Amino acid sequence: MTQFGRNDESIRMEGKKPLSGRIQIQGSKNAALPILAACMLIPGKCVLRGCPNITDIECMCNLLTSTGAEVDTKNLDTAHKIVIDTRTVRERRLPEKYVSAMRSSVVLMGAMLGRLGEVCVNYPGGCVIGERPINLHLYGLEQLGAQIWTEGNHIHAYADELKGAVIDFPFPSVGATQNAILAAVTAQGTTIIKNASREPEVIELCKFLNMAGAAIDYAGTFFKSGRIVIHGVELSRLHGVDYTVISDRIVAGTYLFAALAAGGTVTLENIPIGQLGRICDIITEMGVGIVVDEAHSEMTINACDRDRIKNLPYIETEVYPAFPTDLQSPLLAAACVAKGELRLRERIFSSRFRIVEELKRMGAEITVEGDTAIVTGGRELEGRTVIARELRGGAALVIAGLSAAGITTVADSGYIRRGYQDIVGDLAALGARIGCVE
Ligand code: UD1
């Protein structure tokens with residue numbers, strides 16, 4: 001896989017220092033990426049606020065720029081604002097360098113088909129977490145009337161006119177649902193998506209598009225049956241909007257598991273409380289107190305009483321609102337220090353136990369049987385040099401390092417910057433002895 005951005009960085013930390021203090025949760029990567037892709041569909045100027053300053057967002061902005069869009073990121077670092085004007089788009093071929101670096105580049109297909117009637121991309125990249133086919137993406141676009149063919153490593157999609165259709169997904173893929181929504185917004189007639197993904201980031205995309213003039217109905221039976229109805233509108237009815245991206249439930253969950261593993265009391269601000277569901281249940285069932293302040297979108301986790309922290313016997317990842325696959329690795333790292341045995345089953349991606357070998361080198365007792373990792377917790381982890389091979393696994397190794405005795409160095413930490421704006425700064429603000437090493 002091509003790695004976008006620098007990766008020759010390491011994070012070094014001294015573990016066994018309880019965390020304490022408060023930090024703000026960044027904007028959501030998985031919400032911001034498809035919304036940026038949606039800007040491609042809107043012939044106007046959009047302002048996105050609350051965007052995280054991470055390499056995946058940089059990559060998506062470069063993809064938009066490569067099509068001729070004007071993308072202003074000068075306030076991304078400080079004000080988390082991006083201004084996108086796609087009135088000037090003309091290019092239908094996306095550059096391989098960026099598409100290969102990030103899987104979510106594939107959602108540009110639906111937006112570009114809707115806007116330009118044509119798109120050419122190579123097979124997309126992303127984190128190395130197992131088989132990630134795009135058959136469901138292509139199925140959705142084909143149902144809407146796109147002709148799709150491949151030439152070597154490239155996929156071409158073309159449509160004289162997209163037409164509303166019934167799209168019945170055999171699995172509620174997040175990206176394929178987003179792609180189908182983007183292509184259906186300006187298709188002629190009505191599209192019904194059955195078994196759509198119910199992840200909060202899909203709803204965010206619908207909200208954004210509706211504000212921009214789309215007619216998407218995701219109320220009614222959506223949460224029960226996953227049914228979304230899209231009434232196609234003329235492209236000229238879409239207009240620029242000023243939108244604030246929700247905060248990142250996965251980053252929030254990562255820091256909750258960091259606090260659980262390292263100990264201490266931490267308050268997280270700007271939390272998407274309603275979206276954490278099963279994550280908070282699991283943490284409290286593990287014996288750690290969480291106090292929620294809904295009025296201020298804050299949450300305080302108190303993991304001072306180390307003796308009470310125990311593993312649950314069984315947890316599995318599943319589609320929303322169940323426990324998310326993106327937090328499977330952070331949970332795995334935290335489970336190493338909790339008492340008792342956890343059987344953790346990964347039901348979404350096939351190769352998401354890549355960090356097991358690294359955790360074992362730190363003294364963790366874990367065996368993998370097919371799609372299930374069995375962790376015998378209560379082990380003292382020892383600081384080591386370990387390698388981040390992907391985004392969430394990399395963040396999980398930082399969690400392990402915070403709970404380990406001595407010095408841990410997480411090499412290739414550039415992967416972590418794909419999704420975490422400033423993991424080192426955040427944890428340092430909570431009193432962790434942590435820093436970047438060039
Ligand atoms: C999104 C998230 C990712 C998260 C995942 C599951 C973004 C940018 N990424 O990824 O962080 O881990 O949802 O919550 O939002 N599949 C197919 N064919 C397809 C598409 C998917 O078989 O055409 C399979 C995948 O291989 C995987 C499963 O479906 O096993 C889930 O994938 P999907 O929901 O599409 O995840 P992404 O949209 O890639």
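View 1. Lysine 16 is partly exposed, with a relative accessible area of 42%, where partly exposed lies between buried, under 20% relative accessible area, and exposed, over 50% (1.4 Å probe, protein chains only). This is a predicted model, in which local features need pLDDT of at least 70 and side-chain atom pairs count only at pLDDT 80 or more, while totals for chains, interfaces and linings use all residues. Residues are numbered from 1 along each chain as its sequence is written, and side-chain values use heavy atoms, with hydrogens and water left out. Although lysine 16 is not a glycine, its phi is positive, at about 65°, and the residue sits in the loop between β1 (10-14) and β2 (19-24); helices (H or I, at least four residues) and strands (E, at least two) are DSSP runs, numbered from the N terminus.

**View 2. The second largest pocket.** Lys16 also belongs to the lining of the second largest pocket, where Lys16, Ala261, Arg306, Val337 and Glu380 are, of the 20 lining residues, those nearest the centre. The pocket holds about 340 Å³ of space. On a 1 Å grid over the protein atoms alone, a pocket is an open set of points where a 1.4 Å probe fits, with protein on both sides within 12 Å along at least five of seven lines, and lining residues have an atom within 4 Å of a point. Helices α10 (249-262) and α14 (391-403) each supply at least two lining residues, and the largest share, three residues, comes from α10. By class, the lining has eleven nonpolar, four polar and five charged residues, with Ala, Val, Leu, Ile, Met, Phe, Trp, Tyr, Cys and Pro counted as nonpolar, Asp, Glu, Lys and Arg as charged, and the others, Gly among them, as polar.

View 3. Tyrosine 320 and proline 321 are joined by a cis peptide bond, with omega at about 10°. Proline 321 is found in the loop that runs between β17 (314-316) and α12 (328-335).

**View 4. Aspartate 412 in its loop.** In aspartate 412, a residue other than glycine, phi takes a positive value near 55°. Aspartate 412 lies in the loop between β22 (407-411) and α15 (423-429), and this residue is partly exposed, with a relative accessible area of 31%. For the setting of these views, the chain has 15 helices and 23 strands, and 59% of its 438 residues count as buried.

How values were computed:
Points joined across faces, edges and corners; volume = space filled by probe spheres on them.
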